[in-house]
Amino acid sequence: MLEELSSDKATGATGAARGIERRTVLKGAAWSVPVIAAAVAAPAASASLNNATVALTDDVTSLLTLNVLDSASTATAGVAITVPTTLRVTNGAGALSGTATVTITVQRPVGINVSVGRARGFGVYRFDSTLTTPGQRTAVYQSSLGTQYGFPQTTFTTSKNVSVGSNGTLDIPVVWGLAGVSTGIGINALASFPVTATIVFPGRTLVASSSILVPVGAGIL
């Protein structure tokens with residue numbers, strides 16, 4: 001009987017000791033787990049975006065021949081047309097890089113109301129020396145009771161990787177073409193088509209404005 005009691009006490013002592021030892025090991029293991037730092041995604045464009053500007057510039061005043069969008073044909077104007085030829089990004093201090101969405105919209109001409117028939121407008125034929133595709137462009141006429149009329153409003157949209165050094169510039173060439181369909185109506189007035197270029201970066205939008213001028217007698221609309 002005495003031997004049995006001594007054996008139980010010895011066993012209890014051993015179990016307690018093992019419990020303490022086990023808790024000590026677990027505590028040490030918890031401290032040994034490595035800390036994993038959360039990765040913070042880098043912004044798509046640098047902070048120098050706040051110093052950047054964009055402009056439609058380098059106007060050409062002698063344009064006579066234009067491609068007709070989505071066609072192999074061209075049209076020749078009787079009087080030279082004025083168009084901007086460059087989308088220029090001017091950067092401030094700090095490098096600018098990132099993927100941007102570029103949208104160029106040509107509005108209907110100011111002050112010319114056409115209620116019957118359709119005339120042509122302008123759209124982007126080449127952007128950054130690359131031919132545009134029908135999927136990148138829209139041409140929307142005014143409409144009444146299912147009948148389209150007037151001039152089209154055109155929109156071109158694309159994505160572009162933009163990289164400009166500190167205090168540097170990036171020039172993107174733009175070539176225009178004729179958009180829409182002409183039903184042969186006569187346009188005998190100076191036609192000024194407002195143009196807006198928008199470059200959207202994450203966190204910032206840059207906007208430039210210009211116009212395409214078609215003098216009286218050009219005969220291409």
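In this predicted model, a polar atom of the asparagine 91 side chain lies 3.4 Å from the backbone oxygen of valine 164. Asparagine 91 sits in the loop between strand E4 (86-90) and strand E5 (96-106), and with a relative accessibility of 5% it counts as buried.

**Chain as a whole**

- Of the 221 residues in the protein chain, 33% are buried, while the chain exposes about 12500 Å², of which carbon and sulfur atoms supply 56%.
- When contacts between residues at least 6 apart in sequence are considered, 77% of them join residues at least 24 apart.

**Nonpolar core and surface patch**

- In soluble globular proteins, nonpolar side chains tend to be buried together.
- The largest nonpolar core holds 45 residues, and Leu87, Ile104 and Phe122 are the ones that touch the most other members; strand E11 (residues 191-201) gives this core its largest share, six residues.
- Leaving aside neighbours within four places in sequence, phenylalanine 122 is in contact with residues including Leu66, Val106, Thr154, Phe193, Ile212 and Leu221.

**Salt bridges**

- The structure holds four salt bridges, and one network of salt bridges links Asp58, Arg88 and Asp171.
- Aspartate 171 forms a salt bridge with arginine 88, with the closest N and O atoms 2.6 Å apart; the pair links distant parts of the chain, since aspartate 171 is in strand E10 (residues 169-179) and arginine 88 is in strand E4, 83 residues apart.
- Both of these residues are partly exposed, aspartate 171 at 40% relative accessibility and arginine 88 with a relative accessible area of 24%.
- Aspartate 70 forms a salt bridge with arginine 137, the closest N and O atoms being 2.9 Å apart, and this pair, 67 residues apart, links the loop between strand E2 (60-68) and strand E3 (74-83) with strand E8 (residues 137-144).
- Aspartate 70 is exposed, with a relative accessible area of 55%, whereas arginine 137 is buried, with a relative accessible area of 14%.
- Aspartate 128 and lysine 160 meet through their side chains in a salt bridge of 2.7 Å, N to O; aspartate 128 lies in the loop between strand E6 (121-127) and strand E7 (130-131) and lysine 160 in strand E9 (residues 147-164), so the pair ties together parts 32 residues apart in sequence.
- Aspartate 128 counts as partly exposed at 29% relative accessibility, but lysine 160, at 15%, counts as buried.

Terms used
Residues are numbered from 1 along each chain as its sequence is written. This is a predicted model: local features need pLDDT of at least 70, side-chain atom pairs count only at pLDDT 80 or more; totals for chains, interfaces and linings use all residues. Side-chain values use heavy atoms; hydrogens and water are left out. Helices (H or I, at least four residues) and strands (E, at least two) are DSSP runs, numbered from the N terminus. Buried means under 20% relative accessible area, exposed over 50%, partly exposed in between (1.4 Å probe, protein chains only). A polar contact is a pair of N or O atoms within 3.5 Å; within protein, one must be able to donate a hydrogen and the other to accept it, and residues adjacent in sequence count only if both atoms are side-chain atoms. Contact means heavy atoms within 4.5 Å. Accessible areas come from the Shrake-Rupley method with a 1.4 Å probe; for residues, only the protein chains shown count as cover. A nonpolar core is a set of buried Ala, Val, Leu, Ile, Met, Phe, Trp, Tyr and Cys residues joined through side-chain atoms within 4.5 Å.
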